[in-house]
Amino acid sequence: MTKTKKRAEDTCPIVYQCRLPLSTHTVNHLADLLRRHLKAIRSRWRILPPGRIAVIVRAVLRHDQRLADMAGGNNVSESTIRRRRDELIGLRAAQAPRLDRALKKVTKKGGEVVLIDGTLIPTQRRTERANRRNYSGKHRRHGLHFLALTDEKGRLIWISAARPGRTHDITAARHDHILAHLRAAGLGALADLGFRGLDNDVRRHPVIVTGFAATRDHKLTPGQKEANRVLAVRRAPVEHGFAHLKNWWTLNKLRMDPARATPASCAPCLS
């Protein structure tokens, strides 16, 4: 058996296309962002123009296109696509709003409450001991934990940094000082029972509103059940924000380095 790297005479590279919900404004914004970065670092040349790089990176994030496939369709190497992806993600992540500024923006628009919840973005299973903390016993899979805030209509306004999958929602909220930021902005938050105990100021002015939990010795009254139902209806739009987040297929199962998960979570801001 003879091995050869020569291509048959009648064959040619096959390139497939994907449809992107892409506007001219989005492409121009990302291209201008990259041009300013190239000017700042005094880099005069890229093998691909900024506009093409913006489209490629969006395709990689939106449809989870494999780097080798995008490289073959654009006559560049896989490492080139990887570098351009990480470069543009880093630039866009640097523009992500801080928590306090995001909440103040909601207040200026007349908002009174936000919706808070946590989610797990699955990752590939790794066998290293350091990766054991990424295993979520609740979801029974490896992943990274993210905490997100949306407005009352489910629009994503802020997302936290990536944390190990075993992190509990209330632990992540305490680490990000969610309660203090909400008090400073004069906002309340609707949350599920995973945040029960985060705000113990239930008599004076509670900020985090959760439902009632039933125990073995204490059954819920009809009034408490009705309060839980009303709260569930008000909290439903937060799932719309997570749906928008995971419409970016690269976040359905993260195949890149988990260390880059935090800037990659800013992908919805590219729309």
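The structure is a predicted model.

**The chain as a whole**

The chain contains 10 helices and seven strands. It is 271 residues long, and 43% of these residues count as buried. Among the contacts in the chain with a separation of 6 or more, 62% are between residues 24 or more positions apart.

Helix H2 covers residues 50-62 and helix H3 covers residues 67-74, while helix H4 covers residues 78-93. The table lists how the axes of each pair are placed.

| Pair | Angle between axes | Distance between axes |
|---|---|---|
| H2 and H3 | roughly 150° | within 10 Å |
| H3 and H4 | about 110° | 8 Å |
| H2 and H4 | about 90° | 10 Å |

The axes of H2 and H3 cross at roughly 150°. An angle over 145 degrees counts as roughly antiparallel, and H2 and H3 are therefore roughly antiparallel to each other. Their crossing is right-handed. On the H2 side, the contact involves Arg52, Ile56, Ala59 and Val60, which meet Leu67, Met70 and Asn74 of H3. By type, the residues of this contact comprise five nonpolar, one polar and one charged.

The pair H3 and H4 packs at an angle of about 110°. Angles of 65 to 115 degrees count as roughly perpendicular, and H3 and H4 are therefore described as roughly perpendicular to each other. H3 contributes Leu67, Ala68, Met70 and Ala71 to this contact, and H4 contributes Glu78, Ile81, Arg82 and Arg85. Five of the residues in the contact of H3 with H4 are nonpolar, none is polar and three are charged.

The helices H2 and H4 pack at an angle of about 90°, which makes H2 roughly perpendicular to H4. From H2, the residues in contact are Ile53, Ala54, Ile56, Val57, Val60 and Leu61; from H4, they are Ile81, Arg84, Arg85, Leu88 and Ile89. The contact of H2 with H4 consists of nine nonpolar, no polar and two charged residues.

Some residues take part in two of these contacts. Ile56 and Val60 of H2 meet H3 and also belong to the contact with H4. Likewise, Leu67 and Met70 of H3 meet H2 and also belong to the contact with H4.

**Aspartate 117**

Aspartate 117 lies in strand E1, which spans residues 113-122. The relative accessible area of aspartate 117 is 6%. Buried means under 20%, so aspartate 117 is classed as buried. The side chain of aspartate 117 forms a polar contact of 3.2 Å with the side chain of arginine 235. Apart from residues up to four places away in sequence, aspartate 117 touches Phe146, Leu147, Ala148, Asp169, Asp192, Phe195, Arg235, Val238, Glu239 and Phe242.

**Threonine 167**

Threonine 167 is located in the loop between strand E5 (163-164) and helix H6 (169-175). Its relative accessibility is 18%, so threonine 167 also counts as buried. A polar atom of the side chain of threonine 167 lies 2.8 Å from the backbone oxygen of proline 164. With neighbours within four places in sequence left aside, threonine 167 is in contact with His145 and Ala172.

Note on methods
Residues numbered from 1 in each chain as written. Predicted model: local features only at pLDDT ≥ 70, side-chain atom pairs only at ≥ 80, totals over all residues. Heavy atoms only, no water. Axes fitted to C-alpha atoms, helices over the stretch in contact; angles between N-to-C directions. Helix = DSSP H or I, 4+ residues; strand = E, 2+ residues; numbered from the N terminus. Parallel < 35°, antiparallel > 145°, perpendicular 65-115°, else oblique. Left-handed = near helix turned anticlockwise from the far one by under 90°. Contact = heavy atoms within 4.5 Å. Nonpolar A, V, L, I, M, F, W, Y, C, P; charged D, E, K, R; others polar. Buried < 20%, exposed > 50% of the residue type's maximum accessible area, 1.4 Å probe, protein only. Polar contact = N/O pair within 3.5 Å; in protein donor to acceptor, adjacent residues only side chain to side chain.
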